[in-house]
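This report describes the fold and selected local features of one protein chain. Please look at the structure first.

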Amino acid sequence: MPLFDSDCTRSKHIEQERHLRANDRDFNQKFYYVDNQIKTSKYNVFTFLPINLFEQFQRIANAYFLFLLILQLIPQVSSLSWYTTVVPLMLVLIITAVKDAIDDYHRYQSDNQVNNREVMILINGKLRKEKWMHVQVGDIIKMENNHFVTADLLLLSSSEPYGLLYIETAELDGETNLKVKQALTVTSDMGENTQALADFDGEVRCEAPNNRLDKFRGALTYKENKYSLDNEKILLRGCTLRNTEWCYGLVIFAGQDTKLMQNSGLSAFKRTNIDRLMNVLVLWIFGFLVMMCTVLAIGNSVWESYKGYYFQVYLPWIHKPPNSSFSGFLMFWSYVIILNTVVPISLYVSIEVIRLGSSFYIDWDTKMYYPKKNTPALARTTTLTEELGQIQYIFSDKTGTLTQNIMIFNKCTINGKMYGHACDFSGQRADITAKTEKVDFAFNSMADPKFVFYDHSLMEAVKICDPKVHEFFRLLSLCHTVMSEEKQKGLLVYQAQSPDEGALVTAARNFGFVFRSRTPETITIVEMGETKIYELLSILDFDNVRKRMSVIVRHPDKKLYLYCKGADTIVFERLNSSSQQLRDITTSHLDEFAGDGLRTLALAYKELDEESFDNWQKRYQEASIALENRDEQLSELYEEIEKDLKLLGATAVEDKLQDGVPQTIQTLSKANIKIWVLTGDKQETAVNIGYACNMLHEDMNKIFIIEGSSAEEVRVELRKASATMKERDQAEDEVISIKQPKKQFFLPEEHVNGEYGLVINGDTLAHALEDLEVEFLKAACLCKTVICCRATPLQKAQVVELVKKYKKAITLAIGDGANDVSMIKAAHIGVGISGEEGTQAVLSSDFSFAQFRYLQRLLLVHGRWSYLRMCRFLRYFFYKNFAFTFVHFWYGFFCGFSAQTVYDEWFITLYNLVYTSLPVLAMSLFEQDVNDRWSMAYPQLYEPGQFNLYFSKLAFVECIIHGVYSSLVLFFIPYGALFEAERDDGKTVSDYQSFALIAQTCLLVAVTLQIALDTTYWTAINHFFIWGSLAVYFAITFTMYSNGMYLMFPTSFPFIGTARNALNQPHVWLTIFLTAVMCVLPVILVRYLKGELKPTFSNKLRCRICQMKMIPPKQAISRLKRPSVRRSAYAFSHQRGFGALITSGKNMRIRTVNLIPSKTGASSNVDKQK
């Protein structure tokens, strides 16, 4: 429920089965089903305050300050006013609450945008336009072409014959190829008859809401008949209607119950690694504070017992004799209040300001701005910036994240000649640039204007009517299952089952062989401006085993031809001996295509004689209706006719990567970041992209394909893989796995010799995540690259959670579609790509931008700088406050443990607020050890953040030691220097006020010099804040200690004349100088020795930059090419193709069917079946 919505969240009963009735809201409301309103925001107007305060008080420091506030309300204990704590605490809580409210309001706005989309609902026999949020379970709604599906629906009828409907599921599984759904015959007959639809009162009983995208079980009861329902009749929210004018659907699941939302996961409260560490450190500090206060309280008890009687003038006894134990008890709490500055509340205010500044830097970075879409980078949260500098695992979607969802016909080889390279005037190959001349397709009025090709020789071959080239493109225009839609005359829109097929048909279209339309029996082609109609006799469809498809057509000249395209290894086995020489040449071309990361297909054909084909077709029709062994019989017939083929050539399609993806992955790998690809796409597609991105390559020692139909098979495969990588016997690995403890533990980092890859699909992954999660993770973490294919959105999130559970590592998930939302929410950092698959991922993300390549700048520059700045800030902040607070501790031994402050109260108030706040903020906002270009050029600089080298528990202990040492210097050197000291005029300067002034001046000079040492990157702002703060200190001190302030406020400014009397003495300035030098000298010495004896990579690089004054190298942006013998033949959907659907005629509108009778009297395949 959004923050600004007045509705409350109501409790929901656990649903075992869904029961609903069409067009009957009264009946359905009895079950309290949710409506179609979605909610990704975390709060509402009633829950905001309690939930937000609960989240904020998870920070132990906030709870600690609340405890201090309670103490300060007790007069017997408090030596400071209550408002000194309540004001800053309220300020921190309010600032954080406002920020959280703004973030949640943005989520509320995005929810509103979706909830207020409009759809047509059938109410009382009439279609009425309503908002999505008003749709209820049991409603019948109408949707039109290219509209998003409103809720999870039972398809009732559509504009297509037989109740067919085409959808695109990119937001669910990342696939852009079309899928077919079909309504029940009993409902499809209603068509768009609104009266019949309004009278429809069918009842549905089905499974309860769940997150399984690929399964649905239910039954429809209508007119006393029962009809089985499965996933093929269900439209899921997030899908898009394609190539379908309209459809009607019955709402089964709405809003949060839809499978899309069930896979989205919950919005978790994310805290950074440093936040979690800070919670631990605050506990340490609290324990340390208790220990110090206990020592001082005991000291007070002892002192009161033995010395208090002699100091009653200064510390009068209320009760005589006093209870020394009770006095010590009260002093304990008084010192808790005085020493609380060891963790000042301003620390958290400063942290929030630093994070806010870092998020602004991301928003303002013009190098992460994508001008084509006018999309800047956006930090959608301000609490996670430093964690960007600690990423060890990246989980990436494939489609739309690494790729552009675009397939491009890149190259081809025809009859032994390769086409696709740009050439200069001398005929030599040349690189393709923006100035390279493109092939002009102006001769073809039906050409696709978006198609680009650079090799003019192919167009020349087409124009001179090269028979092999014409046959090549004729094959591409005939051998496919693409559907064509002509919205305007000459304006064709292709709907392909896979983007590869669309790219091949589009290439044929531009080179003069335009696929115009099809019926169940014909294919109409416009060949070089001449319309020709081919009789479609049979489609030998694609499947995973065949890895090829063929069509048998009759040319207008009555000749019969079989055209085949498929994987080169499969097609080459079926060539006749005359193609051997051409096969060798084509193979060398295919190797070159594979080296460029292109996806290839071999093309072949043969002419059939009428008699043999008639005989084959009779047997084919008999096999098609066989009740037993149908698939085996058809397979044998396919093998029989698909032989003795003549090779034509091969195609090379590029699965267009986003710009800079291979270079980005290579750079991030050098930064010791492991990249896992989690995709809903098919295995071969994902592996192809892995090779194209250079995540997988031929030089890897081995790439493991984990496949198993049972948990035991998967276990064996994983153990074999682990044993191979560790180069030890599998039995030894089994013994180790048996000894694993049952309680939660973190897997240690293991390293192997060589590089390995691991590929696992969704079904196998289900076993791995359920029973073998540790086995799977151990094997996966040994690999350089892991690719999980056919993963559901929930499985993506489970993989991320698995790594978070067993590895001490920070994770980042990046994606662009709704299917990535659960993964983005599960990771420590979620990044959304503003891509082609909607905005769901962006709305759920912590950071967003338009291109994957910007990820390296986000991590290596902004992330590394943010982590570096935060760590330096924390080290300095703890140091200066330990130094400040411990002086109170030492002073306690000299003031009778009376909880008297060593400094002026105004100095205590302004120390963190004014004197030291701006210098540390300047360092925290502008600090950089090297600039952005060096950070990008040397990814190794990123590694310290992954291992918490800049700030950790050990670094915190070093801060304590440094602070304790400085406090000793700051107290005892001024104490010794002023002990019985006199002014030039003979008057003493060893009074309390003079000592307080000199001690606080020494402190401020020392911490100012320390931040000057810590600052690497000096700007005018740093100079102004650092030296200006010192100037402000002296200006305020002389003002507050002046006669005028005392006369106006005698009780508030008692230090009258102290500054002018003490600071005009040379030995006082000598004391300040000596104290400051003694504080910073050990730091300089330790840093010098570390730099000489154990320099870090950053030290070496900075030294190199200073000595050589080098210009940062520009990143080489070159195409990563690899020699390869591996070729991808994937150019079809990995489901069974649309061939049977096309030849059955079920997907054809009756009004568009154009039957062309054969002059020879030969009937079509469909006619013969009839």
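## A perpendicular helix pair

Angles of 65 to 115 degrees between axes count as roughly perpendicular. In this predicted model, the axes of helix α24 (residues 773-781) and helix α25 (residues 793-806) cross at roughly 85 degrees and come within 11 Å. α24 and α25 are therefore roughly perpendicular to each other.

On the α24 side, the contact is made by Glu-773, Val-774, Phe-776 and Leu-777. α25 contributes Leu-802, Val-803, Lys-805 and Tyr-806. Sorted by class, the contact of α24 with α25 has six nonpolar and two charged residues, and no polar ones.

## The chain as a whole

The protein chain has 1170 residues, and 58% of them are buried. Its secondary structure comes to 41 helices and 33 strands.

The accessible surface comes to about 50,600 Å², and carbon and sulfur atoms account for 56% of that area. Among contacts between residues at least 6 apart in sequence, 75% join residues at least 24 apart.

Nine strands form an open sheet with antiparallel pairing, in the order β17-β16-β26-β25-β24-β23-β22-β21-β20. Its edge strands are β17 (417-419) and β20 (513-518), each of which pairs on one side only. On average, neighbouring strands of this sheet are turned by 30 degrees against each other, direction ignored. Within the sheet, strand β22 (residues 530-540) pairs with strand β23 (residues 548-554) in the antiparallel sense over five bridges. The bridge partner of Glu-535 in β23 is Arg-554.

Helix α16 (residues 580-595) lies across β16 (403-414), β17, β25 (599-608) and β26 (646-657), and runs at about 5 degrees to β26. Helix α18 (residues 630-641) lies across β22, β23, β24 (560-566) and β25, and runs at about 130 degrees to β22.

## The six-stranded sheet

A further open sheet has six strands in the order β3-β2-β4-β13-β5-β11, again with antiparallel pairing. The edge strands here, each pairing on one side only, are β3 (126-131) and β11 (234-235). Strand β5 (residues 152-158) pairs with β11 in the antiparallel sense over two bridges. Leu-153 stands opposite Leu-235 in β11.

## A hairpin

Strands β9 (residues 218-222) and β10 (residues 225-229) run antiparallel and are joined by five bridges. Gly-218 has Leu-229 in β10 as its bridge partner. The two strands form a hairpin with two residues between them. In the turn, Lys-223 has a positive phi of about 55 degrees.

## Positive phi in loops

Most residues other than glycine have a negative phi. Which values do Met-528 and Ala-899 take? Phi of Met-528 is near 50 degrees, and Ala-899 has a positive phi of about 65 degrees. Neither residue is a glycine.

Met-528 is found in the loop between β21 (522-527) and β22. With a relative accessible area of 34%, Met-528 is partly exposed. Ala-899 is found in the loop between α28 and α29. Because buried means under 20% relative accessible area, Ala-899 counts as buried at 8%.

## Helix α29 and its surroundings

Helix α29 (residues 905-915) has as its buried residues Phe-907, Ile-908, Leu-910, Tyr-911, Asn-912 and Tyr-915. These buried residues pack against α11 (346-364), α28 (854-892), α30 (917-926), α34 (992-1014) and α35 (1020-1040).

## A buried aspartate

Asp-275 lies in helix α9 (residues 273-306). Is Asp-275 buried or exposed? Its relative accessibility is 9%, so Asp-275 counts as buried. Leaving aside neighbours within four places in sequence, Asp-275 is in contact with Arg-59 and Arg-355.

Key:
Residues are numbered from 1 along each chain as its sequence is written. This is a predicted model: local features need pLDDT of at least 70, side-chain atom pairs count only at pLDDT 80 or more; totals for chains, interfaces and linings use all residues. Side-chain values use heavy atoms; hydrogens and water are left out. Buried means under 20% relative accessible area, exposed over 50%, partly exposed in between (1.4 Å probe, protein chains only). Helices (H or I, at least four residues) and strands (E, at least two) are DSSP runs, numbered from the N terminus. Contact means heavy atoms within 4.5 Å. Axes are lines fitted to C-alpha atoms, for helices over the stretch in contact, and angles run from 0 to 180 degrees between N-to-C directions. Angles under 35 degrees count as roughly parallel, over 145 as roughly antiparallel, 65 to 115 as roughly perpendicular and the rest as oblique. Ala, Val, Leu, Ile, Met, Phe, Trp, Tyr, Cys and Pro count as nonpolar, Asp, Glu, Lys and Arg as charged, and the others, Gly among them, as polar. Accessible areas come from the Shrake-Rupley method with a 1.4 Å probe; for residues, only the protein chains shown count as cover. Two strands pair if DSSP finds at least two bridges between them.
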